[in-house]
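This briefing goes through one protein model topic by topic, from its overall build to individual side chains. Please keep the sequence and the coordinates at hand while reading.

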Amino acid sequence: MDKVLREILNNAVVKPAQQPSRDIEIEIPKEESFGDLSTPVAMGLAKQLKQNPKKIAQDIIDKIEYGDIFEKIEIAGPGFINFTFAKNFLWKELKKLITENVEYLSLDIGKGKRVQIEFVSANPTGPLHLGHGRGAAVGSALSNLLEAAGYNVEKEYYINDAGRQVQLLGLSVWARYNQMMGREYAYPDHGYRGDYINSLAEDFRKSSLPASSITDFCSKKMLDGIKNDLEDFGITFNHWQSEKELFENSSVQNSINELRSREYIYEKNGAVWFKSSIFEDDKDRVIVKHDGEYTYFASDIAYHKRKVENGYDEIIDIWGADHHGYIPRVQAVMQALGYPKESLRILLVQMVTLLRGGIPVQMSKRTGEFITLREVMDEIGADTTKFLFLTRRHDSHLEVDIETAKRQSHENPVYYVQYAHARINSIFEKLKDQEKFEVFRDLSDFNGSLFNQDETRLIKKVLNYPMIFRNAVLAREPHRITFYLQELASMFHTYYQKFRVISEDPELTKLRLALCNAIKIVLKHGLKILAVKAPEKM
């Protein structure tokens, strides 16, 4: 519906010459009585046109021909224009959806633009925790969302396999190894703990490798475990970039040299500094310490330099919320290299609190500290875990209750959505067993005048999906799809309990099957974006 309305408004709205071209805002009114769709465009133009927004709204309405598209158009409040679509138009759009299927939902906002999305990128020093899992779900869904809208997306994992933390993993395992061998050996301060350290020490003992290889051995083992967890979580990457490689191929030093040539590098107190304060960072940043050791920031400079040199139209990093303070310095690097800071978009993902029957779960036996993604996946499944991670905006704190997630009821949002898809499929499977199946092969040929008020509401909900999809793409917010699917599933289940889809009346049966088919198409499309299965039976 919004696509048709947008085209009509683009032809009806008089835009000031000085106003940059932008999308006309269209939204769904909070109250059903306000119409099906609404736009505040008149209020947005009031200042430029120096006119009352209600007059602008009336001028826009005067240019619109109702035809068979609108039942009514009204001005509300300070200048909103509310549109109520004619039932005949709704029926035609529903028929188009059923006939065209996924093609009806397709978008080409991206037009082949190249987007790189880096996400997860956990240090290979321990198993993935829930925060990493949420970042994985967000990154995967965002990638799917943009690909579905015509973008060429590359997914990348940055492996932090150089530096102090990886060395500390090796020292921790080495200490545990020596203790296993019956030797007294002090455990390193701030060393990693948990059963997985014991497992690594035992694996290293069996390997018979020299002590000098323990750090590489352990980090590789941990990375293999991370890859395995992500694969079981349904997450894949196009490229895995090693931090160590950036040092080995001189990318780090070359990046520092380039910044020095641009006069953004200086030396002080024996250390090498980057002038990040020039670009709104709160202070300059050390990139090489006085003892010659590189900081993490040094390799991040090289890494982001490589990104921009690869010619992506958009670069997105998905980080944990605890990296918030890191944003200004990385944006400073982009600017120092000659790019606007907006060329890098950073999405912050808040942590997840795990509950069991409303009570927080504090510790993991595997890690001795945080709950791992694997533990949750094994208990409630990958699909449920992913869906729950996407039920709120990425930068909002999230609570996940294990017991609720295991229930097969409306309390479990992913079950409720998947069950809606399976329930519709079961309707069609039941129909195939009946002799009259052939009568219902062409579901686009239905009598729309038979739709009741509940069905009309469902039609409007279904036809709003392309707008939800489009807005999710523009905002880079896949959780909007999750919200919508929950609402659509809830409406369908309520409808299913109230009305019989297959009845003795063939015309009534056909239109209800048509509606169910349209709902199934949308549910499947949305679940695919979230990388969650749309089961045929449950």
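Is serine 121 buried or exposed? With a relative accessible area of 12%, serine 121 counts as buried, because the cut-off for that class is under 20%. The model is a predicted one, and its protein chain comprises 21 helices and 14 strands. Along the principal axes, the C-alpha atoms of the chain fill a box of roughly 85 × 60 × 40 Å, and of its 538 residues 53% count as buried.

**Backbone angles**

- Most residues other than glycine have a negative phi.
- At 35% relative accessibility, serine 250 counts as partly exposed.
- Glycine 150, which follows H6, has a positive phi near 95°.

- Helix H6 (residues 130-148) contains 19 residues and reaches 27 Å from its first C-alpha to its last, which is close to the 27 Å expected at 1.5 Å a residue.
- H6 is mostly covered, with 17 of its 19 residues buried.
- H17 contains 20 residues and reaches 29 Å between its first and last C-alpha atoms, close to the 28 Å expected at 1.5 Å a residue.
- H17 is likewise mostly covered, since 14 of its 20 residues are buried.

**Salt bridges**

- Side chains of opposite charge can pair when their charged atoms come close.
- In this model the count comes to 39 salt bridges.
- Arginine 285 takes part in a salt bridge with aspartate 281, at 2.8 Å from N to O, and its side chain also meets that of aspartate 282 in a salt bridge, at 2.7 Å from N to O.
- Both arginine 285 and aspartate 281 are buried, the relative accessible area of arginine 285 being 10%, whereas aspartate 282, at 64% relative accessibility, counts as exposed.
- Lysine 533 forms a salt bridge with aspartate 383, and the closest N and O atoms of this pair are 3.8 Å apart.
- Because lysine 533 lies in the segment after helix H21 (506-529) and aspartate 383 lies in helix H15 (residues 382-389), the pair ties together parts that are 150 residues apart in sequence.
- Lysine 533 counts as exposed at 59% relative accessibility, while aspartate 383 is buried, with a relative accessible area of 13%.
- Asp229, Asp232, Arg374 and Asp378 are linked in a network of salt bridges.

**A negative surface patch**

- Asp442, Asp445, Asp505 and Glu507 form a negative surface patch.
- One of these patch residues, aspartate 442, is found in the loop between helix H17 (413-432) and helix H18 (453-463).
- Aspartate 442 has a relative accessible area of 43% and is therefore partly exposed, because that value falls between the cut-offs of 20% and 50%.

**Distances along the chain and in space**

- Lysine 406 is found in the loop between helix H16 (402-405) and H17, and at 41% relative accessibility it counts as partly exposed.
- The C-alpha atoms of lysine 406 and threonine 384 are separated by 8.7 Å, with the two residues 22 apart along the chain.
- Tryptophan 174 lies in helix H7 (residues 164-180), and at 21% relative accessibility it counts as partly exposed.
- Tryptophan 174 and tyrosine 66 are 108 residues apart in sequence, and from C-alpha to C-alpha they are 77 Å apart in space.

Key
Residues numbered from 1 in each chain as written. Predicted model: local features only at pLDDT ≥ 70, side-chain atom pairs only at ≥ 80, totals over all residues. Heavy atoms only, no water. Patch = residues over 30% accessible without salt bridge, like charges linked within 9 Å, V, L, I, M, F, W, Y side chains within 5 Å. Areas by Shrake-Rupley, 256 points an atom, 1.4 Å probe, with all protein chains shown as cover. Salt bridge = Lys/Arg side-chain N within 4 Å of Asp/Glu carboxyl O. Lys, Arg positive; Asp, Glu negative; His and termini not counted. Charge placed at Lys NZ, Arg CZ, Asp CG, Glu CD. Helix = DSSP H or I, 4+ residues; strand = E, 2+ residues; numbered from the N terminus. Buried < 20%, exposed > 50% of the residue type's maximum accessible area, 1.4 Å probe, protein only. Expected span 1.5 Å × (residues − 1).
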